[in-house]
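Subject: Structure for your review

Dear colleague,

Please find below the structure that I am handing over to you. My notes on it follow directly after.

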Amino acid sequence: MSSNTAEKGTITWQSPSNIALVKYWGKHGNQLPRNPSLSMTLKESSTTTTLSYKKRLPGREVALQFLFDGTPNRIFEKRIAAYLNSLLADYPFLAAYNLTLDSSNTFPHSSGIASSAAAFSALALCVMSLKQIVAGEQEESSFFREASQLARLGSGSACRSVYGGYSVWGSLSNVSGYSDEYAVPLLSEVHPVFQSFYDTILIVSAEKKKVGSSAGHALMERHPFALSRFRQANEHTAELIEVLKSGDLKRYIEVVENEALTLHGLMMSSTPGFILIRKETIEIIEKIREFRKTENIPVAFTLDAGPNVHVLYPAAHRAGVMKFIKEELEELCDERRWIDDSLGTGPKQLKG
Ligand code: PMV
């Protein structure tokens, strides 16, 4: 039983990161995507956030203290306070508490794992749990939909992390039921081959990103390929939804790898253009393609906005792919580092 009251209490959510299979690249308005995207929620890579709240006289702004790994962090605190202040029109109760947030990650910083997706989904879920305490219980599906919408306002891709399995964010031209405002989960309709899936993340470089995602999204505004890219992402998302239902691994590999290379192609061909992949990234990609052909093992790669390679494969091929990674890919990683992850079941409330 929770001892939380409307006066004071503690809420803890653990929420995972996700890796996009169809990439969100280009935004407008208040964190609205230019194209739909589809992601796989991770299992091991997550953020745990504890929100402690205590009633105070309502102020004009939130009263926030932010700790990372138990240590005050002023940089994160400023960003999170600005985010929470931007929610006050719809969530005025946030200014009626002294708030303390304490966050920690299961994965190392700058490992190429989308930390903002895990962080903002965990935070949005804490805000939603506090809302329930203040305003009363809410039906589960609307709770997560609203959490997804709130997470999106912090970091676009975070809206896909509030669900386990696979999530789709962004409205599709010819398929109803999807929205630019929040993500929608796919898990119940997914073919068994895609229900037990690995993502082994090869760390080519742990250096901080040279170009942040906001700057990257902005470059799509006057990108010469923008319109055809947005159309392609629409088609890929609609197709991948069907592929995930039918279990078509061959097409999965084609679409997912094309998405990864398209994302980096867009980065290279924007003005100014930038290159985030490294020579090891290319070497790994070529080795994966060669291995797939000679061993006939359905393994795919994807990339996020960085040089690290996500190796994606069904559980049935775990042993073969792990052997390949250790024998041929590990030596191309920074300090032979890789992170083992897999498809996850989504966020968990640990307290409150
Ligand atoms: O959520 P943002 O604004 O950090 O953008 C994420 C963009 C990519 O990670 C490159 C792709 C995606 O869909 O996650």
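A cavity, as the word is used here, is a set of grid points where a 1.4 Å probe fits but cannot get out. Its volume is the space filled by probe spheres set on those points. Please keep in mind throughout that this is a predicted model.

How many cavities of 30 Å³ or more does a search of the whole structure find? The search finds one. The largest cavity holds about 40 Å³ of space. Its lining is made up of Leu51, Leu84, Leu94, Leu99, Leu101, Leu123 and Val127. Two elements, β7 (97–105) and α2 (115–135), each give two or more residues to this lining. When the lining is sorted by class, seven residues are nonpolar, while none is polar and none is charged.

The ligand and its surroundings

- For Tyr24, a backbone N or O atom lies 2.9 Å from an oxygen atom of the ligand.
- For Arg160, an N or O atom in the side chain is 2.8 Å from an oxygen atom of the ligand.
- For His217, an N or O atom in the side chain is 3.0 Å from an oxygen atom of the ligand.

On its own, the ligand has 380 Å² of accessible area, and the protein covers 93% of it.

Two details of the backbone

Which two residues does a cis peptide bond join? The bond is between Thr271 and Pro272, and its omega is about 0°. Pro272 is found in the loop between α7 (249–268) and α8 (279–295).

The other detail concerns Gln31, a residue other than glycine whose phi is positive, near 60°. Gln31 belongs to the loop that runs between β2 (27–28) and β3 (32–33).

Yours sincerely,
A colleague

Notes. Residues numbered from 1 in each chain as written. Predicted model: local features only at pLDDT ≥ 70, side-chain atom pairs only at ≥ 80, totals over all residues. Heavy atoms only, no water. Polar contact = N/O pair within 3.5 Å; in protein donor to acceptor, adjacent residues only side chain to side chain. Areas by Shrake-Rupley, 256 points an atom, 1.4 Å probe, with all protein chains shown as cover. 1 Å grid on protein atoms, 1.4 Å probe; cavity = no way out; pocket = protein on both sides within 12 Å on 5 of 7 lines; lining within 4 Å. Helix = DSSP H or I, 4+ residues; strand = E, 2+ residues; numbered from the N terminus. Nonpolar A, V, L, I, M, F, W, Y, C, P; charged D, E, K, R; others polar.
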